[in-house]
Amino acid sequence: MQDRLTEADGGARVRTLRGPRLSNDARERLAGYLFVAPDAIGLLIFVGGPMVLSLSLGFFSVSGFGEYAFVGLDNYRRMIADPLFWRSLQVTVLYVVALVPLLYVTGLGLALMVQANSRFNTVARSLLFMPQTVSLVVVALVWQVLLVDKIGVFNQIGAVFGLGSISWLGDPRFALFTVIVISVWFLMGYYMLIFLGGLQDIPAEYYEAARIDGAGPVQSFFEITLPLLQPTSFFVLLVSTVTAVCGSQTFDLIYIMTKGGPANSTSLAVFYIYQQAFLFNEYGYCAAMASVLVVVLMAITVLLFMLTRGGRFTYG
Amino acid sequence: MKDSPKRSARMLPSRRTVLAGGVAATAISGFPFVSRGYAAQTLKFWQFYAPGGGVASQDKWYEDVIKAWNDSHDVKVELVYVPNNAYMDGTKLPTAFASGSGPDLFIISPGDFLRYYNGGVLLDLTPFIEKSAQDDFFPNVIASRKVNGKIYALPYEVEPMAMYYSVDAFNEAGLTDKDIPSTWEDLLSVAKKLTTPKRYGVLFETNPGYYQNFTWYPFLWEGGGDFQTAEGKSAFNSPAAVQALKFWQDAVNMGVAPRKPLGGGGWDVVPNLASGYCAIMNTGIWAIANLREGAPKFKYGVFKLPTPPGGKYLTIGGGWAFVANARGSNPKAAGEFCAWALGSPKDGSTTRIVDWCTKAKSDMPPTKSALEAGKAAFESGFLKTFTDEIYPGARGEPRMPPPVYKAISDAIQACQLNGQDPAQAAKTASDQIDAFLSTYKGAPIL
């Protein structure tokens with residue numbers, strides 16, 4: 001119909017209008033591709049390209065001064081035999097397993113607490129998000145001062161209750177736990193905002209209907225809120241997992257506060273990879289480890305997609 | 001004949017032409033790194049002191065050296081300041097070299113020497129230095145900067161490690177100069193007396209890294225240990241290594257030493273010793289200048305490292321050195337600059353070294369002539385203690401490849417902070433060092 005208008009259409013138009021030859025479907029597809037193109041091209045150049053290069057670099061010995069030598073799978077064999085690499089993976093798994101659920105619970109909990117519109121909640125939301133606006137270096141330095149052995153604020157408070165001095169960052173039993181708590185403090189405001197967006201998408205009528213049917217707040221939460229937050233939950237779980245493995249806080253906090261210590265107890269995979277590259281000039285080995293990390297992350301992503309059916313959700 | 005309006009318009013440069021011209025002009029004149037000619041005439045010197053570094057006297061020394069060179073040479077040198085953290089274990093230098101754009105001049109410590117030497121970027125400075133000037137360097141200081149008799153780095157300071165103590169803390173605990181410990185056992189006992197609910201008795205570095213290893217080596221050497229035999233095998237699995245690992249472990253386990261230092265780390269004397277966080281601190285000669293600037297009223301004393309049973313006093317002498325990039329824009333001029341600045345007494349290098357060691361900082365000099373020329377300064381105040389008692393026992397900072405450093409670092413960390421059995425840690429590190437040495441092909445490890 002819209003392809004061709006002629007005099008037969010009532011004589012209002014005298015010339016033939018030729019529309020595009022593409023079908024509606026094709027035009028929509030084209031528009032979609034064009035919208036995605038800038039991002040896709042950017043990703044291809046700035047992420048895809050370096051990823052391919054990094055993957056290739058894993059098969060070379062790279063001095064860091066211009067010399068390359070093909071070594072096949074040597075870097076991967078070395079990785080398998082490297083106890084520190086396995087140790088860093090172990091630390092990373094502990095960090096992810098603790099951080100992701102904590103971020104989910106705190107993010108959702110805070111969002112539920114401040115979701116109602118009020119002046120107090122507006123201020124509370126801003127305050128909770130505020131850590132995100134501060135440089136991670138500053139965050140690390142401030143926490144370091146608070147956590148000093150013997151004379152730090154936390155140890156002073158502990159002393160009031162008769163507790164001995166705890167070395168929060170210098171004792172391998174506590175250091176990773178401390179970094180996890182600081183990471184949660186830093187990131188929870190961001191996930192709170194994501195959950196707030198998800199909560200606002202849930203129609204208020206559902207809660208009204210539930211109330212009329214006699215459902216209490218707990219039942220409403222488990223029967224309405226949580227199921228309808230499935231897409232948001234998927235996003236939060238995916239992004240927080242990636243953040244836990246290789247987010248900026250993973251490196252910055254460790255670099256400033258512990259340098260991977262004490263006794264490698266906070267040496268996350270990302271930090272160990274950094275050390276191999278920039279302190280030891282082992283660029284090939286570092287690229288091989290980074291490639292493995294990417295594969296692990298991709299596997300986790302696929303698993304999450306499969307478990308949640310891509311976070312798909314229909315109101316029906 | 002009149003030009004048509006169209007032609008008149010054509011005679012004016014179009015917007016596109018103006019833009020293109022601007023871009024071309026900018027490319028030619030505005031960005032020095034684009035111009036090879038400019039690069040060859042201006043050498044970039046990366047370090048962490050100037051311009052705009054944290055300590056005015058050190059900033060000024062660097063600025064003065066560069067001004068004196070630039071006033072008398074055609075090829076100019078430009079200082080590029082890189083913050084300390086970004087310089088020492090940051091990405092700045094490694095990425096610059098990896099991308100083929102390393103600085104023409106930079107500074108390195110012995111700990112990093114092999115990394116850059118084995119990478120082929122250190123210029124042989126020997127041809128630029130007269131024989132008498134080469135001989136002027138103390139042999140134990142220049143040794144870690146030489147390969148096959150050739151000099152690849154010129155030091156301008158030697159930084160021996162010592163123990164500093166707070167006079168007020170000693171007085172509070174009823175201790176006097178007579179209680180200054182001379183053995184490891186004495187040190188732990190005195191540290192225990194100095195420990196209070198808000199203060200640690202003694203502080204050793206606990207942050208993992210090159211610096212921690214650097215501060216630990218003297219305790220290994222004092223008991224007769226080393227990390228390598230003359231045959232190039234690991235010597236780390238030894239009673240001396242076990243003893244030194246246990247010494248630091250005991251200090252933490254007894255609760256007299258902290259697990260985390262304050263400020264920048266175990267080198268940072270003002271936030272740790274002057275603030276009262278600890279009463280005795282294991283740090284280097286630079287602490288004199290740091291206390292002079294950061295805590296001028298703080299009363300302190302200095303003593304040499306205590307010794308283990310049956311051991312012999314030794315300390316370590318680190319320090320930074322000028323190096324030239326063999327793959328830089330003008331290696332010859334860079335080499336000449338290094339030699340002129342630090343290896344040419346007739347051009348004022350002796351005075352420069354004395355000024356650095358006595359005015360800009362508080363260090364021992366790497367040359368005999370500087371020690372002589374600055375005699376008055378080196379024989380007064382706390383520098384005299386270093387000159388007379390501490391420096392004579394200094395052994396040069398070892399140079400070792402990163403895998404050897406890392407093996408030792410892991411052993412220190414595991415024992416000091418994770419309660420591992422020192423004998424087991426020494427054996428594990430030794431096995432790792434042996435595995436690495438069996439395939440190592442770089443310059444000799446010293």
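**Exercise 1. Determine the handedness with which H3(A) passes H7(A), then describe the packing of the two helices.**

Step 1. H3(A) passes H7(A) in a right-handed crossing. A crossing is right-handed if the near helix is turned clockwise from the far one by less than a right angle, and left-handed if anticlockwise. The model is predicted: local features need pLDDT of at least 70, side-chain atom pairs count only at pLDDT 80 or more, and totals for chains, interfaces and linings use all residues. Residues are numbered from 1 along each chain as its sequence is written, and chains are lettered from A and ligands numbered from 1 in the order in which they are written.

Step 2. Helix H3 of chain A covers residues 83-114 and helix H7 of chain A residues 175-200; their axes come within 7 Å and cross at roughly 40 degrees. H3(A) is therefore oblique to H7(A). Helices (H or I, at least four residues) and strands (E, at least two) are DSSP runs, numbered from the N terminus. Axes are lines fitted to C-alpha atoms, for helices over the stretch in contact, with angles from 0 to 180 degrees between N-to-C directions. Angles under 35 degrees count as roughly parallel, over 145 as roughly antiparallel, 65 to 115 as roughly perpendicular and the rest as oblique.

Step 3. Among the residues making the contact are Leu94(A), Ala98(A) and Leu102(A) of H3(A), and Ile180(A), Val184(A) and Leu187(A) of H7(A). Two residues are in contact if their C-beta atoms, placed from the backbone, lie within 7 Å.

Step 4. The residues of this contact are 21 nonpolar, three polar and no charged. Ala, Val, Leu, Ile, Met, Phe, Trp, Tyr, Cys and Pro count as nonpolar, Asp, Glu, Lys and Arg as charged, and the others, Gly among them, as polar.

**Exercise 2. Describe the packing of H5(A) and H11(A).**

Step 1. Helix H5 (residues 136-146) and helix H11 (residues 248-257) of chain A have axes 9 Å apart, at an angle of about 45 degrees. H5(A) and H11(A) are therefore oblique to each other, and their crossing is right-handed.

Step 2. H5(A) brings Leu136(A), Val137(A), Ala140(A), Leu141(A) and Gln144(A) to meet residues of H11(A) that include Asp252(A), Leu253(A) and Ile256(A). The contact has seven nonpolar, three polar and one charged residues.

**Exercise 3. Which residues make up the two domains of chain B, and how do the domains meet?**

Step 1. Domain 1 is 36-158 + 319-396 and domain 2 is 160-317 + 400-437; the bounds come from an automatic or database domain assignment. Their centres, taken over C-alpha atoms, are separated by 27 Å.

Step 2. In the contact, 23 residues of domain 1 of chain B face 21 residues of domain 2. On the domain 1 side, helix H20 (381-390) is one of the elements giving two or more residues. H20(B) supplies the largest share, six residues.

Step 3. By class, the domain 1 side has 11 nonpolar, six polar and six charged residues.

**Exercise 4. Is Leu122(B) buried or exposed?**

Step 1. Leu122(B) lies in the loop between H7 and helix H8 (131-136) of chain B.

Step 2. Leu122(B) counts as buried because it has 26 C-beta neighbours inside 10 Å. The cut-offs are 20 or more other C-beta atoms within 10 Å for buried, 12 or fewer for exposed, and partly exposed in between, with C-beta atoms placed from the backbone.

Step 3. Leu122(B) and Asn325(B) are 203 residues apart in sequence, yet 5.3 Å apart in space, C-alpha to C-alpha.
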